Amino acid sequence: YGADALRFALATGNAPGNDMRFSDEKIEAARNFANKLWNAARFVLMNLDIDEVKLPEAADLALEDKWILDKLNDLAANVCQNLDHYEVGVSLANIYDFVWDMFCDWYIELCKPRLSAGDKTAQNVIAYVLRETLKLLHPFMPFITEEIWQALPHEGEFLMLSKWPEYNEKFSFPAEEEAMQTVIEAITAIRARRNEMNVAPSKKVHYTVATAHADTFSAGIPFFTRLASASDVTIVP
């Protein structure tokens, strides 16, 4: 399975002072995570035509950009706190959830149209988020993270020698994070209901959203179109 998968499996669910039962299934799951990370990195690299990563000003960031940067900021703070308390398993679980769910399943999907159009803001944000995530994951999976980092636009010779991510107040966007989270929860609920009613993924549906937060859902209409197979979205009080 590889050294990274073994390290990941041994750290997952680990707590100080506890013995662990060895499990092939845990190493297989770790290998699957490594594959997920590798494929996500390949997608990002295929859509980059920038030579250096430089985040735009906050005013130029899209809603989903601010959401993922806020989530990454919280992740850095949590991982630092976990490692300070020797909670290795907890810190790795936080990174796993961020990479698999927030970055791969949501942010990459939300960004695809912008990346296809050559949007430089999207390219810089997605490259920055991937690069900082690799730093957080590096102590657990040093080989795959170093390999990916070397392929990304970067400064310095090795990932191991780069600056460790820390919480940064300028990447805190609580209002945008809450708005994006509301849209994500709505899309998740729609997907679940469609599945319960056996509605084919290819079938377009007109959605009516009754909400007191019209601005939030108006900004999220493109996401409903792309990720919830919406033919149209009507927003009413």
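A disulfide here is a pair of cysteine sulfur atoms within 2.5 Å, and the structure holds zero of them. The model is a predicted one, so to speak of local features takes pLDDT of at least 70, side-chain atom pairs count only at pLDDT 80 or more, and totals for chains, interfaces and linings use all residues. Residues are numbered from 1 along each chain as its sequence is written, and side-chain values use heavy atoms, leaving out hydrogens and water.

Take C111: its sulfur sits 12 Å from the closest cysteine sulfur, that of C104, which is too far for a bond. C111 is also buried (under 20% relative accessible area, with exposed over 50% and partly exposed in between; 1.4 Å probe, protein chains only), at a relative accessible area of 0%.

Next, a helix pair. Helices (H or I, at least four residues) and strands (E, at least two) are DSSP runs, numbered from the N terminus. The axes of helix 5 (residues 120-137) and helix 6 (residues 142-151) come within 9 Å and cross at roughly 155 degrees. That makes the two roughly antiparallel, a label for angles over 145 degrees. On the helix 5 side, the contact (heavy atoms within 4.5 Å) is made by L130, R131, L134 and L137, and helix 6 brings in T145, I148 and W149.

Over in strand 2 (residues 230-236) lies V233, which counts as buried at 11% relative accessibility. Leaving aside residues up to four places away in sequence, V233 touches Y207, V209, I221 and F224. From T182, V233 is 51 residues away in sequence and 16 Å away in space, C-alpha to C-alpha.

Definitions and conventions
Axes are lines fitted to C-alpha atoms, for helices over the stretch in contact, and angles run from 0 to 180 degrees between N-to-C directions. Angles under 35 degrees count as roughly parallel, over 145 as roughly antiparallel, 65 to 115 as roughly perpendicular and the rest as oblique.
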